Amino acid sequence: MSDAGTGRRRLRTGLVAAGAVVVLLAVLALLVWNGVLWPNRLTAAKFEVRGVDVSAYQGEIDWPVLAAQDLDFAFVKATEGSSHEDERFEANWEGARGTDLLVGAYHFLSFESPGADQAAHMIDVVPAESGTLPPVVDVEYYGEFAADPPTVDELRGILDPMLDALEEHYGVPPILYTTQQVRADYLGDDYDRYPLWIRSVASSPDLPRRDWEFWQYSDRDTLPGYDGEEEHIDMNVFDGTLADLGALTQP
C-alpha cells in the first residue's frame, strides 16, 4: 500500500469525523435553543421551591393549569419606567392570586426616569396585599445602554429613591433582580439588605449561595397553560423552604 493511498484514507477519515462533530454540535445547539436540553436543570433540581416569571409575552395564561406544574411561586410583570403598565398585569395578578402560588409583581427599571416617579407608578398599579411577595425591581442593561451604560452614581440616583419608596409603601424590602455583571458593576455588597434574585441562565451563579435568594436558571423552558407569542417561560428556584419563602411576604 502506498503512502499516498494511506494519506488519502486518513484524510477522508478525518473529514468524516470532523463532519460528524459539526453535525453533533449543531444538533446540541438546536436542542439547547429550543429548551430541550438546558445546562442548569440538573443543578436547579436540587432546590425544592421553584417558580416562574411572566409578562404579556406569555399571552393569556390559564393559571390553574400553570400552577399545577409543580410550581410554588410566580412573579408577574407590572410596570416599566414611569408610565408603562404590562397589558396582562391585572389579569395575571388576579389569576395567579386565585391559585395556591405565592405571587409577586416586578418593575423594569428605566435609566431615563426619576426613581421616585417610577416608584409612584408601581405603587399606583400594584396593590399592597398581605401574603404577597415583595415588589421586585429589575435592574439590567437594555437598548442603547448596553453599549453606553449609566455611571454608578446615575444608576444609584434612580434606584435608591425607588427602593426607599417601595419599602415604605409595601412594608418589606424590595427584591432586586439583576445579572451578575450589573451586580458587580453597580451594586456590590451595598445592597445586601435586599433579597437578591440573580439571572444566570448559562451556568450556576458565580456567587456564594448565601448571597442570593432567587436564581433564574432558564429562559428556555416550556410549560402547559399559556398561549402567547413567546413559547418559552422563565424558570426560577428559591434557596430555602416554602416556609422561608412565605416569611418574605408582605404583612
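## Helix 7

Val182, Arg183, Tyr186 and Leu187 are the buried residues of helix 7, where buried means under 20% relative accessible area, exposed over 50% and partly exposed in between, with a 1.4 Å probe and protein chains only. Viewed along the axis of helix 7, these buried residues lie within an arc of 100 degrees, so they line one face of the helix; the arc is that of the directions from the helix axis to the C-beta atoms. Their cover includes strand 5, helix 6, strand 6 (175-179) and strand 7 (196-199). Gly188 follows helix 7 and has a positive phi, near 55 degrees.

## Basis of the model

This is a predicted model, in which local features need pLDDT of at least 70 and side-chain atom pairs count only at pLDDT 80 or more, while totals for chains, interfaces and linings use all residues. Residues are numbered from 1 along each chain as its sequence is written, and side-chain values use heavy atoms, with hydrogens and water left out.

## Overall make-up

The protein has 8 helices and 9 strands. Helices (H or I, at least four residues) and strands (E, at least two) are DSSP runs, numbered from the N terminus. Of the 251 residues in the protein, 46% are buried. The accessible surface comes to about 12600 Å², and carbon and sulfur atoms account for 52% of that surface; the areas come from the Shrake-Rupley method with a 1.4 Å probe, and for residues only the protein chains shown count as cover.

Among contacts with a separation of 6 or more, 68% join residues 24 or more positions apart. Contact means heavy atoms within 4.5 Å.

## Nonpolar cores

The largest nonpolar core holds 54 residues, of which Val52, Trp63, Val126, Val137, Leu159 and Leu176 touch the most other members. Helix 6 (residues 152-170) supplies the largest share of this core, 7 residues. Another core, of 13 residues, lies apart from it and includes Trp197, Phe214, Phe238 and Leu245. A nonpolar core is a set of buried Ala, Val, Leu, Ile, Met, Phe, Trp, Tyr and Cys residues joined through side-chain atoms within 4.5 Å.

Leaving out residues up to four places away in sequence, Val52 touches Leu66, Leu71, Phe73, Ala74, Phe75, Leu223, Ile233, Asp234, Met235 and Asn236.

Helix 6 and helix 7 (residues 180-187) have axes 10 Å apart and pack at an angle of about 100 degrees. Axes are lines fitted to C-alpha atoms, for helices over the stretch in contact, and angles run from 0 to 180 degrees between N-to-C directions. Helix 6 and helix 7 are therefore roughly perpendicular to each other, a term for angles of 65 to 115 degrees. Val152, Leu155, Arg156 and Leu159 of helix 6 meet Asp185, Tyr186 and Leu187 of helix 7.

In helix 5 (residues 115-125), the buried residues are Gly115, Gln118, Ala119, His121, Met122 and Val125. They span an arc of only 160 degrees around the axis, which places them on the same side of helix 5. Strand 2 (73-80), helix 4 (89-97), strand 4 (102-108) and helix 6 are among the elements that cover them.

## Two individual residues

Arg220 lies in strand 8 (residues 214-221) and is buried, with a relative accessible area of 14%. Between Arg220 and Ile233 there are 6.1 Å in space, C-alpha to C-alpha, and the two are 13 residues apart in sequence.

Asp70 sits in the loop between helix 3 (63-67) and strand 2. Asp70 counts as exposed, at 57% relative accessibility. Although Asp70 is not a glycine, its phi is positive, about 55 degrees.

Notes: Parallel < 35°, antiparallel > 145°, perpendicular 65-115°, else oblique.
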